[in-house]
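This report describes selected features of the model shown below.

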Amino acid sequence: MSKLTAFDKPPKARRGAAAPHQFRLLGKKILITDEHGRSALLTRPEYDRLLAGLKPSDPLWPLLQSRGFLAEAFDFDAAARRQFERGLLSWKGPASHVLGLDAMSLDTARSVVDFVFRCPGPQLTLELVFDDASAVWPVLWFITQYARRKGEWSRRPVFLIARGRAMAPDQADFLRSHGVTRSAALTLDGAPDMKQAPAFRAQRARARLGANAADPRAWARWFEKWGFESVRLEPASHDEKGSDAFIEFYGGFLGHLIEHGEETNLRDELAISFLGGRTWNLPGTDVLEQLAYDAAGRVFTAEEGGIELGAAASLRYQDLAGLPAVPAVIAASHADNQPLCSQCAYRPYCTLAPSLSRRTQGTLWGQTPSSVLCSIQMGLLDAIFERLIDEKTLLLLNKWHVDIS
Amino acid sequence: MKIVKGSIIVKLAKPLYGAEGLAAGALALGRRAQVFVEETKTAFSVEIKPEGKLAEPRLLELGGEFLNEALNHEYRQRVILASSPLTQAVFAPLFAKGFPAVPADPLEELEPTVKADRLKDVEALLAQARAMK
């Protein structure tokens, strides 16, 4: 099931001409990427010229030199800097903390927030997840107030996100006035009814595709109409059928945003997180990006299928590195250790969360050749990179503050 | 891969497959099956005995899952070895320094009343939240 691509006739390469890179065939184009996420889309003759050795008079030379694809003009200092900035060497701790609030007690909420603030990241995001805000209101109210105070006391920016299916207007007002981003957990079934408002006014949406989700462009218009600022789409299931449908839906959704880039205020969180920075920052990446907490105050490596690490009330942050699960998930997150990832053009943008691999394939490492998660990530990245040649895409990414230069 | 009395029997040649790869395959199956291994000089003979009775397609799927993980493990070890200079350079400093927690707030350390005031503030918040129920 691997989606790696190969040439029918491999091009001839002159040793020392092109700097190390990975390639991927995208339609008639060839995508090349380097270790640090710089990329270029070339035609076959252009790629042949690169491998044979570009002359400085070649019109491609300035572009490929500036992106570090020419071995003869490689900037080692810049490469070292990028390696540090984008790699784990500059990792400060998990930035995202997902708290499952349903049935959580106030005492547990307090110990979980205390644990979160023992994490040393320069900024912290607490994502508070619930079904109906009314059912967890005292806990949601308390965490909002307490986390704000802890942020002030520790002089660190704190981002709060309240993600749920239902929320009363006065609760939404309280959260808005305390700078809490409201995120609606939605399931997209069929085509949208444009007149049907969401359960509450939210800035973000975490939208899981239902089995019959259709018309992604209409859904994009629905999100725009109801004032959403960003959407993160999720597949209905992690089987082959679900993944193909998801990739197709995503392509249509992204296509709409690109076509209406000038007027739309809607952002695609998937594209932003893939292109926006560091692979270990990808949402859901165990420990490196995320820790999760359940209603009983237990700490997990991730929200979905994470491994239990201990209880927030008794676990010390500094003990995490010594727990067997933590080095295991970190090593498994690292693409250099994965058979197919190590040759994949999307390696600088992608990480499969080990907990998801464990849930879907029974192993933290995942089996990339047969991994549906890998197929999904590659399909999504194909949908993004195929469109990068379009000026409108670049303008939209610029609007989203994603720098891919 | 053949089916004998409700179990999968598979022969795997050395040195492509090693004991670690077979262990990884067995771990991927978890409690769904028991895995028995017999070793000769040149090969392993593996019996995968499922927990409960399985229809033939499911049985073959189970065997396939085992083989996928065993082969993937062997290949992964080669990849890990090949990339170890780079990955060690990344992981060694990460784990050498451990995960240092945020140090205690100097303001609370120097001024005990600050800590006491903050505790009072939190207790008041908790009381207010409890009153909402």
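Of the 133 residues of chain B, 18% count as buried, a residue being buried if 20 or more other C-beta atoms, placed from the backbone, lie within 10 Å of its own, exposed if 12 or fewer, and partly exposed in between. The model is predicted: local features need pLDDT of at least 70 and side-chain atom pairs count only at pLDDT 80 or more, while totals for chains, interfaces and linings use all residues. Residues are numbered from 1 along each chain as its sequence is written, and chains are lettered from A and ligands numbered from 1 in the order in which they are written.

Chain B contains four helices and four strands, in the order β-β-α-β-β-α-α-α from the N terminus. Helices (H or I, at least four residues) and strands (E, at least two) are DSSP runs, numbered from the N terminus. Chain B is more spread out than a compact globule, because its radius of gyration (taken over C-alpha atoms) is 27 Å, well over the 14 Å of the globule rule for 133 residues; that rule is 2.2 Å times the number of residues to the power 0.38. The C-alpha trace of chain B spans about 75 × 50 × 20 Å along its principal axes.

| Partner of β9(A) | Sense | Bridges | Opposite residues |
|---|---|---|---|
| β8(A), residues 204-209 | parallel | five | A:R204 and A:S230 |

β8(A), helix α7(A) (residues 216-225) and β9(A) form a right-handed β-α-β unit. From β9(A) the chain passes through helix α8(A) (residues 240-259) to β10(A), and this crossover is right-handed. A crossover is right-handed if, with the strands pointing away from the viewer, the path from the first strand over the helix to the second runs clockwise.

In a regular strand the side chains alternate between the two faces of the sheet. Strand β9(A) (residues 230-234) has A:V231 and A:L233 on its covered face, and A:S230, A:R232 and A:E234 on its uncovered face.

The contact between the chains takes 31 residues from chain B and 36 residues from chain A, two residues being in contact if their C-beta atoms lie within 7 Å. On the side of chain B that touches chain A, the elements giving two or more residues are α2(B) (56-96) and α4(B) (112-131). α2(B) gives the most, with 14 residues.

Notes: Pairing = 2+ DSSP bridges.
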